2 protein chains.
Amino acid sequence: MPHRLTTEDPDFESRFAALLTMKREDSPDVDDTVAAIIAYVRKRGDAALIELTAKFDRLELTADTLAFSDDEIDEHVARVPEDERAALELAAARIRAYHERQMPEDAQWTDEAGATLGWRWGPVDAAGLYVPGGLASYPSSVLMNAIPAKVAGVERLVVTAPTPDGKANPLVLLAARIAGVDQVLKIGGAQAIAALAYGTETVAPVDKITGPGNAYVAAAKRRVFGRVGIDMIAGPSEILVIADKDNDPDWIALDLLSQAEHDESAQSILVTTSAPLADAVAQAVEDRLLTLERRAIAAASWREYGAIIVVRDLGEAAALADQIAAEHLELCVAEPHSLAANIRHAGAMFLGKWTPEAIGDYIGGPNHVLPTARSARFSSGLSVMDFLKRTTLAHMSPAALKAIGPGAETLARSESLEAHGLSVRARLDRLNE
Amino acid sequence: MPHRLTTEDPDFESRFAALLTMKREDSPDVDDTVAAIIAYVRKRGDAALIELTAKFDRLELTADTLAFSDDEIDEHVARVPEDERAALELAAARIRAYHERQMPEDAQWTDEAGATLGWRWGPVDAAGLYVPGGLASYPSSVLMNAIPAKVAGVERLVVTAPTPDGKANPLVLLAARIAGVDQVLKIGGAQAIAALAYGTETVAPVDKITGPGNAYVAAAKRRVFGRVGIDMIAGPSEILVIADKDNDPDWIALDLLSQAEHDESAQSILVTTSAPLADAVAQAVEDRLLTLERRAIAAASWREYGAIIVVRDLGEAAALADQIAAEHLELCVAEPHSLAANIRHAGAMFLGKWTPEAIGDYIGGPNHVLPTARSARFSSGLSVMDFLKRTTLAHMSPAALKAIGPGAETLARSESLEAHGLSVRARLDRLNE
């Protein structure tokens, strides 16, 4: 059974705190293994990739076949049914349109002291996108990672898509092609991350690595961080649905289950002002679990981590939402915009009853790579900003230096950094000659 | 002697590559010690902070004296000379004005399908700023970290300023006051990071931790990352100066030395089109090193890691600059703006001969917390963005769901995520009733 709470429970605070801090994921310590794999790839390059791919993915490669050829991709994508191709193209167009609006602007101005200041944004030169193999090989994730990179202006975009036993996912290859990916490598695991970060004879190194992966991939990303940029390390997925009494219990049940079916560690929480709706949703979930294809996974997630919380009013709901800081937040209430205005922390909000979270996973436009495990308190979903960096600009006229230089000299001296002060003083003296 | 290269050297490429990859910092493995300290603070709270501060900083505290009182701060800041106070206030005003322009805008629009999309920025609730004790206790860094946080709208800002032997830095306390810091704690090291991340009886936990520190602080920040947000882990400072022949060698020498005097691991590089200027700067550095207060540090940095590279033209200089991706880049050339336009990677650019890098350290306006160790290829200096996070918004009208829902359903089915598809289908069926 899922956890069932009401804010009227005398022990609500402690039960809610326990719910928030439940450990939902084993983090196996694979750090030594990963360190060894990275060192091996750095030392032996392509040979290491070939050897490890044969070992872990039962796939024999050569330096010439590490990447999918255009012909191979053509052959795979030709097998994609037309409706799936059309859906992927619609999704790509909508994701592109949304992310194009995120492009930040450069700025430059001259202030009253005569200093010209500003900044300039520019893309990273090259990015690598890790796509998991097997069950969690999602074409939608290819779009969500690759399109922001391309919108940002990244020139070279490489996907690593492990291909165990040689089985490629045609939709992943099609998504890569639609998104403008330049190269798709048939490698995975920590070895793929090492190749992207350090390069090999065949794989040119990138500057930024994004994309989800298993414990080995996550550990490898942490380890190469600094050498290259990485995106967040994502935890299991979460949804919080806030619902008033006027909802179809089956819709809410399906929204909760669409997180639960991802992963046994996923967490789905319903917060509602209506005890009858709470009961009806609980029943609807059970009904759907009888037939759902992924019912084993969804049921495990729901019974272990699922929760239904009855609150007195939407003010209480908003306060709980800020404590949960959910990755996905659905507002199935009559006035979703005003409720949204009262909530500070969430990765993505889905407003109103006609906006199931699944729309955001695929086709809404906003990114589906979002902060998990309460990190929406301090971080954001993936965006074009992740593939851009900013250079600040400062230009002093002689008059500007004369106006503000003495202050810099004073502070340099107060910090006992004499050369800092002298570098300003030498120029000021020239102006006073 | 510093490294001396010209692009005409037959072995230039390999010598330049060696210069780029020189290891400039020992990273002692303090991870186990740090893990133990964090666990101890989590378990024992204030008592652990008090015990560890007595042990490492020889300072006896109680729960009541962990933070500086207003009276203590008054007393310290009263001792700050008037010119230093005025300089700090000028710096704060300029840094604030620059960072206020960085505030990103919210967005919301309705697209042709009838979907209302957008995003909303909001500040983290609370931030912690680590200020090192001892020699590297810089009031300018307090301003550079605290002001962006306050501009972002962070409600609660805590500084940890270790106070070994009870010796506080009055300028650090004044900078904290000017910047609007809410609380200054007399603790440091990994225990301070643990307290900020997890909280104790006296220290409320924060959501984001920024600020420089030693190996213990850096390891602790890495370890609490995920629980809270952190800024970058900064390496030793660097400057690249690109100079044409029309420069005063002494000015350039002082600019190079103002990085070298920070730290024996700092790196100063001059790239110039003029061999005579190269010689003159080399001599000017030696002359200045005779009398500089921090000559031992500056000389060690310059002789070990310093470099002078003569290039054929500014095009070559720009190409090298992109490979170096320097934290600080000074363009001491006749047309600095056009050279800047040809360079993609740098943390901060200082344009023209009247803009010594030290202006940027203190008073220019842009942030002085900048990406080191070539990470300007993929990351940016500190900004208000580091204290903000974005929530994406999506609202579907029934018509919008009808228009794009089927695509989501198709993609969900292609990824074998049935509940995702059903959550859309259930709503579409209602629309078709």
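**Reading rings, charges and an interface**

Mentor: Let's start with two residues, A:Trp119 and B:Tyr98, which are both buried. Keep in mind as we go that this model is predicted.

Trainee: Happy to! How many aromatic pairs does the structure hold over all chains?

Mentor: Ten aromatic pairs, over all chains. A:Trp119 and B:Tyr98 form an edge-to-face pair, with 5.8 Å centre to centre and 75 degrees between the planes. A:Trp119 is in strand 3 (residues 115-123) of chain A, while B:Tyr98 is in helix 5 (residues 82-100) of chain B, so this pair joins two chains.

Trainee: And which aromatic pair is stacked?

Mentor: In general, two things describe a pair of aromatic rings: the distance of the centres and the angle of the planes. B:Phe12 and B:Phe16 make a stacked pair, at 5.4 Å centre to centre with 15 degrees between the planes. Both residues belong to helix 1 (residues 12-21) of chain B, where they are four residues apart, about one turn of the helix.

Trainee: Is B:Phe12 buried or exposed?

Mentor: Compare its value with the cut-off: buried means under 20% relative accessible area. B:Phe12 has a relative accessible area of 5%, so B:Phe12 is buried. B:Phe16 has 1%, so B:Phe16 is buried as well.

Trainee: Which residues form one aromatic cluster?

Mentor: A:Tyr98, B:Trp109 and B:Trp119 do.

Trainee: What lies over the face of A:Trp109?

Mentor: That is B:Arg101, at 4.0 Å from the ring centre. Within chain B, look at B:Lys186 too: its charged end sits over the ring of B:Phe68, 5.1 Å from the ring's centre.

Trainee: Now the interface. What is the area buried between chain B and chain A?

Mentor: As a general idea, the size of an interface is often given as the accessible area lost when the parts come together. Here the area buried between chain B and chain A is about 10,200 Å², and carbon and sulfur atoms give 58% of it. In chain B, the residues that lose the most area to chain A are B:Trp354, B:Phe378 and B:Arg427, together 8% of what that side buries. As for contacts, 117 residues of chain B touch 117 residues of chain A.

Trainee: How many salt bridges are there between chain B and chain A?

Mentor: The count is ten. You can look up the salt bridge in which the side chains of A:Asp255 and B:Arg427 meet, at 2.7 Å from N to O.

Key
Residues numbered from 1 in each chain as written. Chains lettered and ligands numbered in written order. Predicted model: local features only at pLDDT ≥ 70, side-chain atom pairs only at ≥ 80, totals over all residues. Heavy atoms only, no water. Phe/Tyr/Trp six-rings, centres within 6.5 Å; stacked < 30°, edge-to-face > 60°. Buried < 20%, exposed > 50% of the residue type's maximum accessible area, 1.4 Å probe, protein only. Lys NZ or Arg CZ within 6 Å of the ring centre and 35° of its normal. Contact = heavy atoms within 4.5 Å. Buried area = accessible area lost by both parts, 1.4 Å probe. Salt bridge = Lys/Arg side-chain N within 4 Å of Asp/Glu carboxyl O.
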